Amino acid sequence: MIDIVDPAVRSRMMAGIGGKDTKPEMALRRALHARGLRYRLHDRKLPGTPDLVFRRFRAVCFVHGCFWHRHQECPYATVPATRPDFWQAKFRGNVARDRRVREELLASGWRVAIVWECALRGERANRTSLRLDHWLHGEERFFETIVDWDQ
């Protein structure tokens, strides 16, 4: 696919992508808050600066973008046609960092949840927040959203 904007505009657009208060994160936060769950945001004292921290449950939640964090078999985890070597290296680094942060948190006694962006689109946000709520009240150490593409 050919890029429809020049490199300077694309660079400015990519630089404007933030890591906090993203649309998927806000959807999850609204849904969890409606369920009565309270949390802290972006605790820099914890490895990886988790998006949501549930101290009461000693649990953290990361809201991962499917593109940036390489959600397996997800239609949103595309690879740009330009500079594929750069992008593959970037994605490998992101995935390695995610794995390292997850292992560090689990080793220090935290429970870790990964919620994928695609699990928060449309009506999926409510179902995902319900699953996360059940996980928080359970005993499992790790949670990752599973998206049923048929629904």
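Modeller: Happy to! Let's begin with helix 2 (residues 23–34) and helix 5 (residues 124–136), which pack at an angle of about 60° with their axes 9 Å apart. Because of that angle, helix 2 counts as oblique to helix 5. The crossing of helix 2 and helix 5 is right-handed. To find the place where they touch, look for A27, L28, A31 and L32 on helix 2, which meet A125, N126, S129 and L132 on helix 5. Sorted by class, this contact has 6 nonpolar residues, 2 polar ones and no charged ones. Please keep in mind that this is a predicted model.

You will find H69 in helix 3, which covers residues 66–69. H69 counts as buried because its relative accessible area is 17%, and the cut-off for buried is under 20%. What does the side chain of H69 make a polar contact with? Its partner is the side chain of D98, at 2.6 Å. Leaving aside neighbours within four places in sequence, H69 is in contact with H64, V95, R97, D98 and W116.

Next comes R102, which sits in helix 4 (residues 84–107). With a relative accessible area of 25%, R102 is partly exposed. If you again leave aside neighbours within four places in sequence, R102 is in contact with V112 and F142.

Finally, here are two residues to look at for their backbone. Most residues other than glycine have a negative phi. R58, although not a glycine, has a positive phi of about 50°. Look for R58 in the loop between strand 2 (52–54) and strand 3 (59–64). Its relative accessibility is 38%, so R58 counts as partly exposed. E73 is not a glycine either, yet E73 has a positive phi of about 60°. This residue, E73, is in the loop between helix 3 and helix 4. Is E73 buried or exposed? At 75% relative accessibility, E73 counts as exposed, since the cut-off for exposed is over 50%.

Key: Residues are numbered from 1 along each chain as its sequence is written. This is a predicted model: local features need pLDDT of at least 70, side-chain atom pairs count only at pLDDT 80 or more; totals for chains, interfaces and linings use all residues. Side-chain values use heavy atoms; hydrogens and water are left out. Helices (H or I, at least four residues) and strands (E, at least two) are DSSP runs, numbered from the N terminus. Buried means under 20% relative accessible area, exposed over 50%, partly exposed in between (1.4 Å probe, protein chains only). A polar contact is a pair of N or O atoms within 3.5 Å; within protein, one must be able to donate a hydrogen and the other to accept it, and residues adjacent in sequence count only if both atoms are side-chain atoms. Contact means heavy atoms within 4.5 Å. Axes are lines fitted to C-alpha atoms, for helices over the stretch in contact, and angles run from 0 to 180 degrees between N-to-C directions. Angles under 35 degrees count as roughly parallel, over 145 as roughly antiparallel, 65 to 115 as roughly perpendicular and the rest as oblique. A crossing is left-handed if the near helix is turned anticlockwise from the far one by less than a right angle, and right-handed if clockwise. Ala, Val, Leu, Ile, Met, Phe, Trp, Tyr, Cys and Pro count as nonpolar, Asp, Glu, Lys and Arg as charged, and the others, Gly among them, as polar.
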